[in-house]
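Look over the sequence and the model before reading on.

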Amino acid sequence: MNLPERSIRVFLSNSKIIHIPHKLKTMSELKFPTVEQELNLKKLELAALLEITKAINNNLPEEALYKIYHFTLLAQLHIRRLALFIHDEAWECKVNFGTEHNFREIELPKEVTELRQITAMSKLHIDKRWQDFETIIPIIHNNRILAFVMIGNVHSYYTTLGALSFVQTLSNIILVAMENRRLERHRLAQEAIRKEIEIAREVQNMLFPKSLPNNEKVSIHATYIPHSSIGGDYYDFIQIDKDQFLFCVADVSGKGVPASLLMSNFQAGLRTILRQTTDLGTIVKELNYLIYQNAIAEKFITTFLGLYNSETRELSYVNAGHNASILLLENNTYQLLEEGCTMLGIFEDLPFLTVTKVEIPPKSFIFCYTDGLTEVFNNDEDEFGIDNTIRVLQCCRYVSSRNIHTQLLQEINTFNSSATYSDDITLLSCRFK
């Protein structure tokens, strides 16, 4: 009986179909394994399965598993040509042997990546280099393609779908084991990061003052909204003696654990230096040196530091590359507090430094903030900016500081309709009585 087709369809009980290319012309030329040959084949398959399982249970590294996979298919199953492509961000050939071409340097064709069942290579219209192989076997786990196994010059028994399915199963076992290892490593890494974040968040929360004054001399209120789980903003209030206190707002470049740790150095350094001197110029110089030594010029801090004497009603301040704080007087006129120096941590010695002193009349109001407030943009890419900030402060001059902060946050929410921010927001208000 002559066969008009160039391939045979092999039907099994699971109703899967595979086209197996061959050069046979008549049914009499087809060769099927004998019972003894089938038994020998099953013994080889069992040996291959045990070899792979043993390697997985021994927790060998991935490279060792790939080598065992290679030699198992070659020695036990007599598969003489093979390429194994794994998907990890991109398709990469991890195992290649017996071929004329080096498939580690050849990109996997799109036609192959779209396959979901065992397919004869002759069915695809792709580069002739791929004719090194006869069959493509997709490896699927949880409805996702993990890999493609391409085999050629195989044992004559490996031209049936049942035998090819065993290669698929064997490959699936080892590749799923590797995938599970990667997922477990990823889970452990994420868990370690989560713990670091929790520690950094606890450290950051410890940096903020437990309470802020509201007495006959001054009322201070602060609002902090982190952009992520760990922010880079910081505010503080430190009572020096019965007449003097220091307040500040700071912003570290970057976010996350490194920013939190650097800010903790800043806070600890500030409080230590204040025990030795209340000279603001010295304080800023020492803080700059501390940040420079700890950040090694990779990060920096901008800050506004204000030292107030309630007896003289005099405020000494240094603005170290930070947003200008706003001094709002009783008549609603304002002054921007922007004199000082460059940001801290860039230079070992500050190139310039100015300590400015201003008188604080009764019923004055100082508003400090970080750039997360003013650098909010609307759909037209317009910035909320300092002018809108001043407008809100002047309109809400006589309401409580808490309500002023609430109003400002509502204003930027309206201004930015998406209600998403790219930075932390810190607000600090000092109402002098």
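## A partly exposed pair

Asp127 has a relative accessibility of 34%, so it counts as partly exposed. The model is predicted. Asp127 pairs with Arg129 in a salt bridge. Their closest N and O atoms lie 2.8 Å apart. Arg129 is partly exposed too, at 32% relative accessibility.

The structure holds eight salt bridges.

How accessible is each partner? Arg187 has a relative accessibility of 43% and counts as partly exposed. Glu184 is partly exposed as well, with a relative accessible area of 35%.

## A pair between two loops

Lys363 and Glu330 meet through their side chains in a salt bridge, 3.8 Å from N to O. Lys363 lies in the loop between β16 (356–359) and β17 (365–369). Glu330 lies in the loop between β13 (325–328) and β14 (334–337). The pair therefore ties together parts that are 33 residues apart in sequence. Glu330 counts as partly exposed, at 41% relative accessibility.

## A network

Some salt bridges share partners. Which residues do they join into one network? The members are Lys217, Lys242 and Asp243.

## Cysteines without disulfides

Now the cysteines. A disulfide is a covalent bond between the sulfur atoms of two cysteines. How many disulfides does the count give? The count is zero.

The nearest cysteine sulfur belongs to Cys368 and is 5.7 Å away. A disulfide needs the two sulfur atoms within 2.5 Å, so Cys430 is in no disulfide.

Are these side chains buried or exposed? Cys430 is buried, at 0% relative accessibility. Cys93 is buried as well, with a relative accessible area of 6%. The cut-off for buried is under 20%, so both values qualify.

Note on methods. Residues numbered from 1 in each chain as written. Predicted model: local features only at pLDDT ≥ 70, side-chain atom pairs only at ≥ 80, totals over all residues. Heavy atoms only, no water. Salt bridge = Lys/Arg side-chain N within 4 Å of Asp/Glu carboxyl O. Buried < 20%, exposed > 50% of the residue type's maximum accessible area, 1.4 Å probe, protein only. Helix = DSSP H or I, 4+ residues; strand = E, 2+ residues; numbered from the N terminus.
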